Amino acid sequence: MVQSTTILSIAATAATGLLAYAIYFDYQRRADPKFRRNLRREERRQARAEKEEAYAQSKEKRKNIQQIIEQATEEGYPTGVNEKEQFFMDHVQKGEMLAADPSSTMDAALAFYKALKVYPTPGELITIYDKTVDKRVLDVLAEMIAFDKELVLNPGGADIDISDLPSAAMD
């Protein structure tokens, strides 16, 4: 019985202290202009830090994508028709399996990108990807396509409206 009353009194003291601090904080927030100013400054500092962190992450992601594209280009792509077809089928299948796992978004996008590189009409394949591939993978794929200057989306002069293509959030 002594233990339960001791625990109960400790809990009541802690709750009272927490309530007293909440009341004090609210009073300071309402009454003290310096306290309000400091709260706003802290809020702005935190927002600025989050924005800078998001920018740094975005920059690192773009750098990583560019390195992956350069590495894929160095590895090369098949030139024969049968080899291209097999390469395409293997990488589309690999991309579909990897797209199911959210932790392997970059690998899935790379597999779809490699399949896109050997496909005869990449613009049509992008339209198919837009309908079938998950948005998170499609966003990374769009960034990969943006880095590749050699990729021709409409080699036969097909009518492809750029506004219909998926766009990556580069913010």
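Q: Hi! Which helices do the buried residues of H2 pack against?
A: The buried residues of H2 pack against helix H4 (105-118) and helix H6 (135-147). Contact here means heavy atoms within 4.5 Å, and helices are DSSP runs (H or I, at least four residues) numbered from the N terminus. This is a predicted model, where local features need pLDDT of at least 70 and side-chain atom pairs count only at pLDDT 80 or more, while totals for chains, interfaces and linings use all residues. Residues are numbered from 1 along each chain as its sequence is written, and side-chain values use heavy atoms, with hydrogens and water left out.

Q: Thanks! And which residues in H2 are buried?
A: Ser-58, Ile-65, Ile-68, Ile-69 and Ala-72. Buried means under 20% relative accessible area (1.4 Å probe, protein chains only).

Q: Why does the end-to-end distance of H2 agree with its number of residues?
A: Helix H2 covers residues 33-75, and its 43 residues at 1.5 Å a residue should span 63 Å, so the 63 Å between its end C-alpha atoms agrees. The expected span is 1.5 Å times one less than the number of residues.

Q: What caps the N-terminal end of H2?
A: Asp-32 does, with a side-chain oxygen 3.3 Å from the backbone nitrogen of Lys-34.

Q: And what comes just after H2?
A: Gly-76, which takes a positive phi of about 85°.

Q: Switching to the chain, how many helices and strands are there?
A: There are 6 helices and 0 strands.

Q: How much of the chain is buried?
A: Of its 171 residues, 25% are buried.

Methods:
Helix = DSSP H or I, 4+ residues; strand = E, 2+ residues; numbered from the N terminus. Buried < 20%, exposed > 50% of the residue type's maximum accessible area, 1.4 Å probe, protein only. Polar contact = N/O pair within 3.5 Å; in protein donor to acceptor, adjacent residues only side chain to side chain.
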